[in-house]
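Work through the exercises below with the sequence and the structure in view. Try each task before you read its solution.

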Amino acid sequence: MAKAKWMVTAAALFGLACGAASAQTVKIGYLPSTVGQALTQAWKTGIENTLKGQQNVSFQALDAQMKAEIQVTMMDDFINQGYNAIILQPIDAAALTASVKKAEGKGIPVITLNTDTKLPHAAVVTMDDEGAGYMVGQEIGKALNGKGNVAILQSPPGAQAGVEREKGFRAAMAKLYPDIKIVGAQNAAWNKDKAIEIMNSFLQVNKQLDAVFAVNDNMAEGAMIAAESAGRLGQIKIWGFNGQKSTLALIEQGKITGTAYTNAYDQGATAAKVALDLLSGAKKKGSKTEVITVPPFAATKDTVAQIKPEQRW
Amino acid sequence: MSVSAIRRLILTGLLIAIGIALSIANPTFLTMDNLMTLLQEASLTGIVAIGFTLILITAGIDMSIGAVIAITSMICVNFISHTQLPAYIYIPIALAGGCAIGAINGFFITYFKLPEFIVTLATRGILAGLALIIAVKDEQGFVQNVFIEDEVFLSLGETVGPVYIVTIVFIVLAIATQFFMKRTRAGTNIYAAGANPTAARLSGINVDRTLIGTYMFSGFCAALASIFLAARMMTAMPEFGIGSELDVIASVVIGGTPFTGGVGDIWGTIIGTLFIALIKNGILKLGLSPYIQPIVIGGIIIVTVVLDVWYKHHAEKKATLAARRKAMQKEVAA
Amino acid sequence: MSANSKNDLLLECRGIDKNYNGPQVLDGVDFSLRRGEIHALVGENGAGKSTLIKIVTGITNRNGGTIVFEGHEIPVEHSKIASEKLGIAVIYQELSLIHGMTVAQNIFLTKEPLLAGLPFIDIRKMNEMAQAMIDKYGFDLRATDIIDRLPIAQRQTVEILKALSNKASLMIMDEPTSSLTATESERLFKIIRMLKAEGITVVYISHRMEEVYDLSDRVTVLRDGKLVSVLEGEEITPAEIIRLMIGRELTEDESHHKMVKKEGDVVLEVRNLCSEGKLNDVSFKVRKGEVLGFGGLVGSGRTELMRAIYGIDPFDSGEINYLGKPYSPTVEKSIASGYGFVPEERRLQGIMGGISITGNVGIANLDSIASPAGFVSSSKELERAQEAISILNIKPPNPDHLVGNLSGGNQQKVVVGKWLIRDLKLLIVDEPTVGVDIGAKEEMYQTIDRLSKEGVAILVVSSDLPELTRLSDRIIVLRKGRIIKEFTEGVVTEEEVLRAASGIVEGGAK
Amino acid sequence: MNAKSPVIKEHLVELRLFGVLLVLMVVLSLISDRFLTVDNLTNVLWSVCLIGIMTTGAIYAPITGGIDLSVASMAALAGILANVFMNVYGMNWIVAIALTLLIGAAIGWLNGIVTTKFLVPAFIVTMAAKTYLFGVAMLVSNGDQITIMQPAPFLQIGIGKFLGIPIPIYIMFALVIVSHILLKKTVFGRRAIAVGANEVSAKLTGVNPDRTRIIVYTISSVTATIAGIVMASLTQQAYAMNATGYELDVITAIVVGGTSLMGGSGSVIGALIGAVMVGFINNGLNLLDMPSALHPIATGIVILVALIMNQGISLPAVLKKWFSRPGVAEAAK
């Protein structure tokens, strides 16, 4: 009897505590594959700008250091700390599915960026890597009018985002431009000096190389440096991916041919908005993942001007 | 009370102090969920650390543990996605694989008398590559990380009550290993081989076999951790665990097992693992910028070890001085 | 040997051959041991003693010959473990104990008592058994002592216990006294006789002829891998043994030496040197060309004193005058100002085993082989090395030879040699001839004599009393960190030194 | 100043390695006709120059029986610092580089102090340094991939060419020569070797092990800094994650080059050859468009083979070992 009473009070107190907590602040966590990337930085800025307006919203970013294990740990930590929403860029769909499931199970909406996971969750705000890769394929194909030699600077095997982009690109080649030969594909590990090294060997092997597709801008810039120092920059179309500020500048200089640009600020902002709406109840969570696509934009010398300074990240 | 015992007490005290500080700084630290995930983390590192402790006791080092984790998880997913074998058949096979790798390390180290660091560094590279090669691929030949649905396998990632299975396994393994080291001949041989190989040989210990055995055990532990990791993440990736060596080493060394061999035990390693796990977990609670976190972690590691080493040195100096005085008194008496 | 002694042979080796694919190390050696005898095995380094032992104990395999132990043939393919099972035990020069383990653990390593029917060690039982053995022989040890803290002599007793625990019927001791003080040696001899009384055969390898003379029932002499002869009873005399070993007589002045007063001006003066727990108010002078010997037990502060003078360890109070000026030593300064230092433990402190003779010599002479800018001239370095080699005729005379692969004697020569080629004013030598064979020993003595004639002041620390008396012009005996006696002029006997060292002094400390 | 003793004898290790290198080149040129071209070889050197530069200094740690795992993070940090000095504080590029080198030296000195004065194993010290230096790099660069657009002369360091050969290659060879002389022909080199061979003995012959070690880690860190500057200029980028994992490549090169981690010996030229060897193999795999998974495998195998060779182990010896009882055979020593 007394025990029961005691428990009731305890429960009441607990409820009070929780109530207080939720009334005070809404905690939103941001967990990209790595904080050390122009893209993830831009997302962060986008998110922060959106949240700035809101009062009593707290925001914390963590660094998964490109390791799925670590990202999973940090997901757990967000969950345990009772965050109210999580904006996540899964390093790998399969690897993060479990954590996302766990979070959603605890009623924490998870909004993923670019990479979806295997099980349904709140929403995914994606630029559709595969589609964008396909688009780059088309652009290069057009530019080479249907024939020539192309090489690919890959991401590490198993790095999903990169793989999607490459798949899309290859699909375009296979479908639309059967005469374009993919003469080489090597892993430059997202990394600029590795990209230089590998681009050099591409240039060695292929006396006639017409285009290079790097699955991120960083590697594209590396390829550019190599081509330039080999004095073959003129003959090679170099395409990157993401459209970070530095690359756009290089496009204007005509050193890099183009890149698949997305407005990462917007993308981040959208994700944040979705999160806020879900929390405020303005938006109801569906049974399956809501897909918000941010269309990729082919930024080339002619079109890059359309990207306004404030949209460059 | 022995020097090492005191050091251990100090470390434990530090552990508790940090714990308290954290729970004040952030109430969510002291929740069941968080503590359990903390233990889960600690256990995953800890299982590997147990094997690594034995390696350090033999005055060796094993840089390949990370890669072993990677390849073991790959072996598992291959069984899962290409065969119908049940978990209780392929898990033992995977563990055996870990032992085999350890045996290869041990073979090169003992028969060719090569430095452990480099041999295991080499095998690390080879295994990392192999992991990518045997990784499950999609029709276009891209590595594809399978979402594991094998119930039995996934059940390893579950909890018993609030405690994760991996934690229980860690504790059991730790106790068993500690007992093995202190109360069996094989265990004593490992200490002997580490403290003074020549003497060990003269005493009729087969040092080479002992070393190979130790490396096999290290491989086994890594493989075991790998399976729990995969179960927890419901998938396996060819880059699993690669780079985690340094965490393990830090845990063991902070636990008070030196590189010089011949000394050290599992209790220390447990404390060390908890210490690192605690810091890594706590740092996330402080709302620090992710950039500052590595600085803090690196700083704490170095400070702890500096203090520890300094204290040990100081204590030993005192002990030897005392011993010398005693000897002189003896002479007087004689 | 008589017929009845034949049949109580414990071990009989016939025509043992051994060649490490190349030089013939053992050549048809016969070697036999009787039950319960103390048998000395002597010979210069490289005579084949250790090889013979290794073959008997199964560490290496013989190329030819037969070994019969306790009546049954030992196969060629033999192992250390197997021979231990037969009851052959070895006490090594480098002790084979495991640091960090207790006495008991060391005694019972690999044969720990197990809990009934389980593969688990019964620690309590182990300690009890160990303590029982210790008490039986009345050693002052505790079964639970950690090895690291025990002095050498006690560690050796642990080794012996270890052997006894193997039910050894044959115990081989390789240079057991090489690092023991006189009193400790005496204690060891007592133990050896105790073993003999128990019917255990002891093979005793030593370079110290007096010990051999005192101890052994029979002596087997080897030279260049061949059996020279087996002495028994009356035939055993130090002079005879040495003659057989090196094939020549030692002249009088080599074995005896009268102390003389040296009148040179003072090179080094030490006043009231004190160092917590090590040295207590030590004062002495050493003159040009004087050989000042330091006697005393291990731990009496001799080595500590030398280290302090050389500048390795700081001291608390007291002052040092060097060449008339006050001097506060640091190793660099000492070397620069004409010190030379030959440390106690050759392998650990003296040589750099992995490096050539050139390198070992060079590192001590950087000042003379390098330009002010700090560039080393390899050619000069080589010259210096060759100098050292020729002065002390180091064998092989190849400057590129790795010092680690040299014989003990030659290693010691390198350690000394790197100083001799400098303009030396003061040479500190700590245990000059440990583990060095007779021949090299003599050379070392002559070198020291020559240096003193050249006017170098020399401080010699030695636990080998004949050596100390043979070398010194004056002997200071330390005890518990203070000077307890000083012998000047005339002839001093080993007994006198020994008694002073062990505190039996008429009139006590001066 | 020059050695009169036969050069051959002095450089046996180097010569043997060079032989292996030649064999490797022949094999590769048979596999790929693109391999043995001036351009390609230049490119390989260009791609190994970062490792090469780091190696020239990092080698002293193993020679003294230590190890330096912090070089990679140091390099990344150096690039970032240089950029900050030039493009944030607008310093002259030479001043900026000088300042960066100074900071690099300070960090190395700190490593040395902690290992020697606080008696912490170098492995731990440099491992921790690796972690916190990365953090500092992230902090300073705010995690951005900063593209370095100017000053032009700074950018020339990395991609500029002299006589058709990229400048970093000159830098690398210059440092190799300097380091080689430092090791083989100077008092410091002798002392480093002595400390590695037998610290006590070295101490008793007037070498100050602590001072030597501190210098060693300072040098190691300085060369890492140089590498970082070159990398920043080469990639026109200041980025905390550049060069991650290079420390292991550096150690690989050193060991393949015949330097033992036990200390007491070492060969700078050997290390360079080691680095080039690994570079060749990766280049070969690239030229053949092999999957990247093969790179670590090939490197691993090279390490093992090189090690076994450096042990001077011949096949018969190995076989003999296999058929003799392990343990007992060694008990003699």
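**Exercise 1. Domains of chain C**

The structure is a predicted model. Task: state how far apart the C-alpha centres of domain 2 of chain C and domain 3 of chain C lie, and describe the side of domain 2 of chain C that touches domain 3 of chain C.

Solution. 
- Step 1. The C-alpha centres of domain 2 of chain C and domain 3 of chain C are 26 Å apart.
- Step 2. Locate the domains: the domain assignment of chain C gives domain 1 as 1-87 + 206-249, domain 2 as 251-338 + 424-510 and domain 3 as 352-422.
- Step 3. Count the contacts: nine residues of domain 2 of chain C meet nine residues of domain 3 of chain C.
- Step 4. Find the main contributor on the domain 2 side: helix H18 (residues 438-453) of chain C gives the most, with three residues.
- Step 5. Sort that side of domain 2 of chain C by class: six residues are nonpolar, two are polar and one is charged.

**Exercise 2. The fold of chain C**

Task: decide how compact chain C is for a globular protein of its length.

Solution. 
- Step 1. List the elements: chain C has 20 helices and 20 strands.
- Step 2. Compare the radius of gyration with the globule rule: chain C has 24 Å, close to the 24 Å that the rule gives for 510 residues, so chain C is as compact as a globular protein of that length.
- Step 3. Look at burial: 49% of the 510 residues of chain C count as buried.
- Step 4. Look at contacts in chain C with a separation of 6 or more: 70% of them are between residues 24 or more positions apart.

**Exercise 3. A strand in chain C**

Task: are the faces of strand S6 (residues 88-91) of chain C covered or open, and which strand pairs with S6(C)?

Solution. 
- Step 1. Take one side of S6(C): Ile88(C) and Val90(C) are buried there.
- Step 2. Find the partner: S6(C) pairs with strand S7 (residues 170-174) of chain C in the parallel sense, over four bridges.
- Step 3. Pick out one position: Ile91(C) stands opposite Met173(C) in S7(C).

**Exercise 4. Chain B against chain D**

Task: find which helix gives the largest share of the side of chain B that touches chain D.

Solution. 
- Step 1. Count both sides: 44 residues of chain B are in contact with 46 residues of chain D.
- Step 2. List helices of chain B that each supply at least two residues to its side; among them are H5 (116-134), H10 (207-233) and H13 (292-333).
- Step 3. The largest share comes from H13(B), with 14 residues.
- Step 4. Sort the side of chain B by class: 31 nonpolar, 10 polar and three charged residues.

**Exercise 5. Chain D against chain A**

Task: describe the side of chain D that touches chain A by helix and by class.

Solution. 
- Step 1. The contact takes 27 residues from chain D and 23 residues from chain A.
- Step 2. Helices H3 (38-58), H12 (209-235) and H14 (268-287) of chain D each supply at least two residues of the chain D side.
- Step 3. H3(D) gives the most, with five residues.
- Step 4. By class, this side of chain D has nine nonpolar, 14 polar and four charged residues.

Notes: Residues numbered from 1 in each chain as written. Chains lettered and ligands numbered in written order. Predicted model: local features only at pLDDT ≥ 70, side-chain atom pairs only at ≥ 80, totals over all residues. Domains from an automatic or database assignment. Contact = placed C-beta atoms within 7 Å. Nonpolar A, V, L, I, M, F, W, Y, C, P; charged D, E, K, R; others polar. Rg over C-alpha atoms; globule rule 2.2 N^0.38 Å. Buried ≥ 20, exposed ≤ 12 C-beta atoms within 10 Å, placed from the backbone. Pairing = 2+ DSSP bridges.
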